[in-house]
Amino acid sequence: MPREFTPKVVTANALLSGEVVYLTANDDWSPRLSEAEILTDEAHAQLRLIEASARQSEIVGAYLADMAQCDDGPRPTHFREEFRRTGPSNYAHGKQADL
Amino acid sequence: MYSYSDFDHAFVTERNRQFRQQVERRIDGSLTEDEFKPLRLMNGLYLQLHAYMLRVAIPYGTLSSRQMHRLADLAEQYDKGYGHFTTRQNIQYNWPELRDIPDMLDALAEVQMHAIQTSGNTIRNVTADHFAGAAADEVMDPRPVAELIRQWSTDHPEFQAMPRKFKIAVTGSANDRAVIKAHDIGLRLHEKDGVAGAEVVVGGGMGRTPMIGKTIADHVPMADLLPYLEAVVSVWNLLGRRDNKYKARIKITVHEHGIEDIRARVEEVYALIRPTFTGVDQTLYDTIKAQFAAPSFTKRPVSAFDDHYAKDPVFRAWADTNLHPHRAEGYAIAQISLKAHGETPGDATAEQMRVMADIARDFGHDELRISHEQNVVLPHVHKADLPAIHARLKAHGLATANIGLVSDIIACPGMDYCALATARSIPIAQQIATRFDELKLEHEIGELKIKISGCINACGHHHVGHIGILGLDRAGVENYQITLGGDHTETLALGERTGPGFSAEEIVPAIERLVGAYLDHRADRDETFLATYRRLGMAPFKTALYGEQTAKRSKAA
Ligand code: HEM
Ligand code: SF4
């Protein structure tokens, strides 16, 4: 049986800054995960990834990242995505400091 | 110190000019990422978890104060005000923007530095003993040889697209401070019957399949060294497993073919190519050697040192821990720890870099070194100047007296920065250092090397740590595996796994139990952790980690 599709967001790194960004519902790239479009339909998710990947002059390496759907928006289900969201944990100088 | 020739200047300038255009073309959309990636990697530019990372080579770890100042300027102007010194004698900038990279590379070129071959399947930055030219036990200065190899390998047409990256380390002392047996090629310089030459060790390495290098030649005279090295790299370039990147390193080639077979093939190639080396390399070597002439050491009384040593316990602790014997009378090698308790191992702020540069200029014959243990070295300082040096270091958080101790931890960037990581390394190092600082046991424990990597690539050298820690991903949770008994010196050994790993919350208490077991079991204060482990084996440490029952059960299994 095919595995059930779990919620995802499209994420990438911004071409100029290298920063982690997320695709929003109105086609912007946002540094805030809370603003990302949550993709719950597999076909739609694939389409959004293809569209995003074509935007070569804005981003690098777009992919679908697993998320849990919570009241306050998407939340990472794996610690790697959590660190991508929050920035380095050795001291506050990454994203935590800027956002 | 080596000074660029006109050729070197022209070469680096041209490379930077090319890369500037490539960056522009990536930004204006004429290059895709697939086209751009190999070009940026050729210039040391990675894309990591949160940003780009620029890796700058510090050949054989040697820097002038002017160069260190420039590294500080880059950290301030283009990054977040700090840089990260690595085990491969590089500096990594964690936050540069793509547009700024060409300017950064030009700024580096002005002080004869670059990022060429700090990535990709080429011969990487050649590393060397960080006490080169200064250590009391040195037979030959390894830096001229390292520089010769750098010039030979940079842009060598045959070695730009090899099966995998290739790392060479050189030591000129019997005491190996360059970890030569864990490199693709390790060289130990020595004299035999009055002829200077090198023992050549091949096929060592860390990564997912750690191996100890084997001696392929006892003594290759200096005059024949480059052709011999070229033969070794050529043989591997042909035989190396291009079908599988995990099996591509020369360690696997040596393992699969056996050292005798490799030696025979190398000798065959060597005989063929030897005549093509006309001796120009030796003329060059002589020119390079002259540039590494020792500074003129002065004879002065050391009483200022002795007085201070007698009356200031903080200075005494620092001197006892961070100084190393120098070859010249009245001189010392001073190590500056980049491992202040709770800080990120290997990081230095722009201000700290400037302080170290200024000290080197004022008191240290203008020389600095970066050690593979992520610390900075002042290779030539007069003992009489040490109280003043110490005071300046202290004022800038650089006088931690912990070289070689439990908090002098090598940690790779791990998942706080690195795109390949499976777990974090830095916070674990921070917590261990902080914990042992609270316990005030460091100096009691004595020499103990903890080394941490955030994935099996082993950038943090965990295989050769007395205590090695490897961060892994166990079903979406950070998990840390411990190895014991590794040794990074001339008696190189790979650590052995203790058993199941520990969670992020459990790992620091686990390390504390290991160290506690050592303190309980050591014969006396002079028996180091490593010596105790070698005498008693794994058993008491396993019990400390897992308890009596588990230890017995896993022994039976
Ligand atoms: C965050 C950027 C980094 C990346 C992407 C990276 C990548 C890698 C990779 C892919 C390997 C595996 C090589 C193999 O087995 O073929 C490796 C090994 C290694 N790296 Fe890094 N590394 C990074 C940072 C560092 C740092 C900061 C250090 C020093 C603390 C370092 C030093 C080493 C060393 C010593 C090895 C040992 C393995 C060997 O060559 O046998 N790297 N690295
Ligand atoms: S050991 Fe792994 S996690 Fe650490 S820097 Fe190397 S590649 Fe990254």
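A salt bridge, as I use the term here, is a side-chain nitrogen of Lys or Arg within 4 Å of a carboxyl oxygen of Asp or Glu.

**Ground rules.** I am reading a predicted model, where local features need pLDDT of at least 70 and side-chain atom pairs count only at pLDDT 80 or more, while totals for chains, interfaces and linings use all residues. Residues are numbered from 1 along each chain as its sequence is written, chains are lettered from A and ligands numbered from 1 in the order in which they are written, and side-chain values use heavy atoms, with hydrogens and water left out.

**Entry 1: salt bridges.** Over all chains, the count comes to 46. One of them joins A:Lys8 to A:Asp66, with N to O at 2.8 Å. I like this pair: A:Lys8 sits in strand 1 of chain A and A:Asp66 in strand 4 of chain A, so the bridge ties together parts 58 residues apart in sequence. (Strands are DSSP runs of E, at least two residues; helices are runs of H or I, at least four; both are numbered from the N terminus.)

**Entry 2: the A–B interface.** Next I asked how many residues each chain brings to the contact (heavy atoms within 4.5 Å). Chain A gives 25 and chain B gives 33. The buried area, meaning accessible area (1.4 Å probe) lost on putting two parts together, summed over both, is about 2,300 Å², with 56% of it from carbon and sulfur atoms. On the chain A side, A:Leu16, A:Phe79 and A:Asn90 lose the most area to chain B, together 25% of what that side buries.

I also found 15 residue pairs in polar contact across this interface, both residues at pLDDT 80 or more. (That is a pair of N or O atoms within 3.5 Å; within protein, one must be able to donate a hydrogen and the other to accept it, and residues adjacent in sequence count only if both atoms are side-chain atoms.) Strand 1 (8–14), strand 4 (59–70) and helix 2 (79–86) of chain A each supply at least two residues of the side touching chain B. Helix 2 of chain A gives the largest share, four residues.

**Entry 3: ligand 1.** Which protein atom donates to the iron? I found B:Cys459 (SG) as the only protein donor, at 2.1 Å; donors are N, O and S atoms within 2.8 Å of the metal (3.2 Å for Na, K and Ca), and with water not among the atoms, sites may look incomplete. B:Cys459 is in the loop between strand 17 (450–453) and strand 18 (467–474) of chain B.

The side chain of B:Arg164 has an N or O atom 3.0 Å from an oxygen of ligand 1, and that of B:Arg55 has one 3.4 Å from a ligand 1 nitrogen.
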